[in-house]
Amino acid sequence: MNGKPHVLILGGNFAGLGSAQKIREFAGDAVRITLVDRKPYLLYVPNIPSEVFEGRNPSRSMLMDIVAPLTDDGVDFVQAEVTGIDPDNKQVECVPSERPGAAPFHIDYDYLVIALGNRLAFDRIDGYAAYGHTVTDTYQGERLRRYLLNDYRGGPIAIGSARFNQGDGAKGLEPYPGGSIPDAMAACEGPPVEAMLSAATWLKNHGQGGADKITVFTPAAMIAEDAGEKVVGELLGIASDMGFGYMNELQDISRITAEGIEFANGSSLEAELKIIFPDWEPHGFLKGLPVSDNQGFVITDLLMRNPKYPEILAAGDCAAVTVPKLGAIGHAETEIVGRQIAKDVGRMNPEDADTPLAPVVHCIGDIGNNQAFYIRANSWFGGDTQVLKMGHVPYLLKMQYKNLFFKTRGKMPPWGLDAAELLAEKLFA
């Protein structure tokens, strides 16, 4: 339209909004940017458990408009459902999502950034719709909050993950040990640990008992394995002292019933309340594309570019290299995406742009009563860092990060993670 390369971004949550902002920051007015999402707001997933267990409806505080900040940055917004990608013709198929029955259309691009997140496969868990609960969106969070207040009878609680089917798109990526990211049995287990600890606090505060009513489970040999054996060992020691039950190596969830959960390894767990975190799978239209792996995750190198189609980049949960499916890793990827496109359009030199992804697990989880846990680790990726802290400072960091994110409309200061590390690990350790 104006002779400038057109950058098309698919997805408007953390990775999509972050990519748009970083591309504009680094490439300036050298590109035209369009972002497509089926909804005009960002869902702030990390703090939904906090809202639920503190008795607040998450839909009132966990949604942030994205149209205004995109407009301020000169980014066009299209509210539509993405239905297909044609990498050879550089086109994306969409259907407007504001009203049912809209006619499909396509958008041409010069650069494509796939930041669509994932599909939560609750519909593949037999019995979930009737007997399961979760905290993965505002509807499910409010449903759980109301169940706890109105229907919970004081019975046992089970919290854990279904098996994650990772795909082979991150194989052969140096400098990872063995040339690839390890295979994860669960997509991200910070949320189950957070829900476990928060639920115990909720039980105590509501006179319903304590941690001995709760069993946390995992399909893997060790829960939250990406945090490292040292950190997990400390967490499990704390959990054991508090009275939590723990089950591992369950392989997958086979079925949820009114009485409890049945697992693929033949064991079962009695529970009145079942808080479940499902498999995270790619959107259906990504499966079978030449840019995708055997599961449908987008294949990239460590500069977030697809090897066959270097004009296609990916960031966030839809990228095969993003394991675990963690916001801090996606944030680092958006920075790389912005720098790569800026390099291509002559706004950044290769020395500044070509720093590859070096992921670190950053996780802060609310545990109730204004306390939280803080994890920083890179042992999953071959490093030697494993840090666990618990207390009021991590809670303040988690709450203030959300407040600052909304205030800046996603444009977090670059010193944010460094400041969190200093506060949690040094000044108030």
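The legends below describe several close-up views of one predicted model.

In this predicted model, local features need pLDDT of at least 70 and side-chain atom pairs count only at pLDDT 80 or more, while totals for chains, interfaces and linings use all residues. Residues are numbered from 1 along each chain as its sequence is written, and side-chain values use heavy atoms, with hydrogens and water left out.

**View 1. Asp37 is a buried residue without a salt bridge.** Asp37 belongs to strand E2, residues 32–37; helices (H or I, at least four residues) and strands (E, at least two) are DSSP runs, numbered from the N terminus. Buried means under 20% relative accessible area, exposed means over 50%, and partly exposed lies in between, with a 1.4 Å probe and protein chains only. A salt bridge is a side-chain nitrogen of Lys or Arg within 4 Å of a carboxyl oxygen of Asp or Glu, and Lys39, the nearest side chain of opposite charge to Asp37, is 4.1 Å away; here Lys and Arg count as positive, Asp and Glu as negative, and His and the chain ends are not counted. Leaving aside residues up to four places away in sequence, Asp37 touches several residues, among them Gly11, Phe77 and Ser97, where contact means heavy atoms within 4.5 Å.

**View 2. Five strands form an open parallel sheet.** The order of the strands is E10-E17-E11-E12-E13, and the edge strands, E10 (132–133) and E13 (245–247), each pair on one side only. Two strands pair if DSSP finds at least two bridges between them; strand E12 (residues 214–217) and E13 have three bridges, and Thr215 stands opposite Gly245 in E13.

**View 3. Strands E5 and E6 pair in the antiparallel sense.** Strand E5 (residues 75–86) and strand E6 (residues 91–96) are joined over six bridges, and Gly84 has Glu93 in E6 as its bridge partner. Four residues lie between the strands of this hairpin, in which Lys90 takes a positive phi near 55°. E6 also pairs in the antiparallel sense with strand E7 (residues 105–108), over four bridges.

View 4. Most residues other than glycine have a negative phi, and most peptide bonds are trans. Gln251, however, has a positive phi near 75°, and Gln251 sits in the loop between E13 and strand E14 (253–256). A cis peptide bond, with omega about 0°, joins Val323 and Pro324, and Pro324 is placed in the loop between strand E19 (312–314) and helix H8 (327–344).
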